[in-house]
Amino acid sequence: MPNFNFIRMIRAAPFIVFYRLIGHSSSDYRGQWDSYWASVESAGAGGQVMWDSEIDDDAQMMGHLLRLFEQHADTELPVVDFGCGNGRRSAWLAQHFARVVCADVSQAALALAEQTTCAGLSNVQFELLDMTDSSATAAFSERLGGDANVYTRGVLHLIKEKHRATVADNLHAMIGKRGIFYFYETDSTALDYLLTKPADNSASGLPAVMQKVLEHGILPSGFGAEAHEQWFSDPNKWDTISAGPTTLTTIAFADGEPGAVPSFFALMRASSPKECEV
């Protein structure tokens, strides 16, 4: 009996290589994400955005986030949803924290968030932000008034390798002495997992909602334990409070079941200066 997952991997390989070349040929995150979000006709359950699961479907992980923030965050600080997309998680954060900032590189995403999931929420503000731009990030922090707590879900694995050090440094500066940083990212086995899900007759053999992402030159590369170790383990900069494997809940695929993509989370703060031994 043929191994259908292997066959699908072979089928997907040329498309992945092609889209990887597109993705690496440009650092235009804004253009790629504006193109993607402008093409989205529907989100949430039954929509076109793979990661935009309803909060109730992701209750276990969101409850975990809330407990960690209650234990470790200075709740007087604003919470920045870095890479907020259409704002579904921002709207949930706004139910629990006094000030939430939807921050995204895409103006199209921010417009969608403001018009839909975050419409009418007085404690949510919207900011265009490219975290690979250190000057823009510093200006953003100044507008916020100083330190912030930062949350991100499914963003770091989309940052190109050559930009990750800059993004990590900018996140460190953004949280300052009082803030914390929480990320929740799909890991390097995500593609293997997605190849087990129905392809919906997409050209690449991947689920259609993933194919849609690739078509805009956006290619995930995974951000798991090894990436955490590489970019956030410097003891002179970072203290990891909690970290470990988890899953990221997606919308339902063609088989009617939501996905549970292998993922990794970490909660960090800036490390305190180490005292020199006499």
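Apart from its neighbours within four places in sequence, Asp 52 is in contact (heavy atoms within 4.5 Å) with Ala 43, Gly 44, Ala 45, Asn 86, Arg 88, Arg 89 and Ile 251. The model is a predicted one, in which local features need pLDDT of at least 70 and side-chain atom pairs count only at pLDDT 80 or more, while totals for chains, interfaces and linings use all residues. Residues are numbered from 1 along each chain as its sequence is written, and side-chain values use heavy atoms, with hydrogens and water left out.

Asp 52 lies in the loop between helix 2 (29–39) and helix 3 (59–72). Helices (H or I, at least four residues) and strands (E, at least two) are DSSP runs numbered from the N terminus. Asp 52 counts as buried because its relative accessibility is 2%; buried means under 20% relative accessible area, exposed over 50%, and partly exposed in between (1.4 Å probe, protein chains only). The side chain of Asp 52 makes a polar contact with that of Asn 86, at 3.0 Å. A polar contact is a pair of N or O atoms within 3.5 Å; within protein, one must be able to donate a hydrogen and the other to accept it, and residues adjacent in sequence count only if both atoms are side-chain atoms.

Helix 2 also takes part in a helix pair. Its axis and that of helix 5 (residues 107–115) come within 7 Å and cross at roughly 40°, so helix 2 is oblique to helix 5. Axes are lines fitted to C-alpha atoms, for helices over the stretch in contact, and angles run from 0 to 180 degrees between N-to-C directions. Angles under 35 degrees count as roughly parallel, over 145 as roughly antiparallel, 65 to 115 as roughly perpendicular and the rest as oblique. Asp 34, Trp 37 and Ala 38 of helix 2 meet Gln 107, Ala 108, Ala 109 and Leu 112 of helix 5.

In a second pair, helix 6 (residues 134–144) and helix 7 (residues 161–175) pack at about 15°, with axes 10 Å apart. Helix 6 is therefore roughly parallel to helix 7. Ser 134, Thr 137, Phe 140 and Ser 141 of helix 6 form the contact with Thr 166, Asn 170 and Met 174 of helix 7.

For the protein overall, the secondary structure comes to ten helices and seven strands. Of its 278 residues, 50% count as buried. Among contacts with a separation of 6 or more, 73% are between residues 24 or more positions apart.
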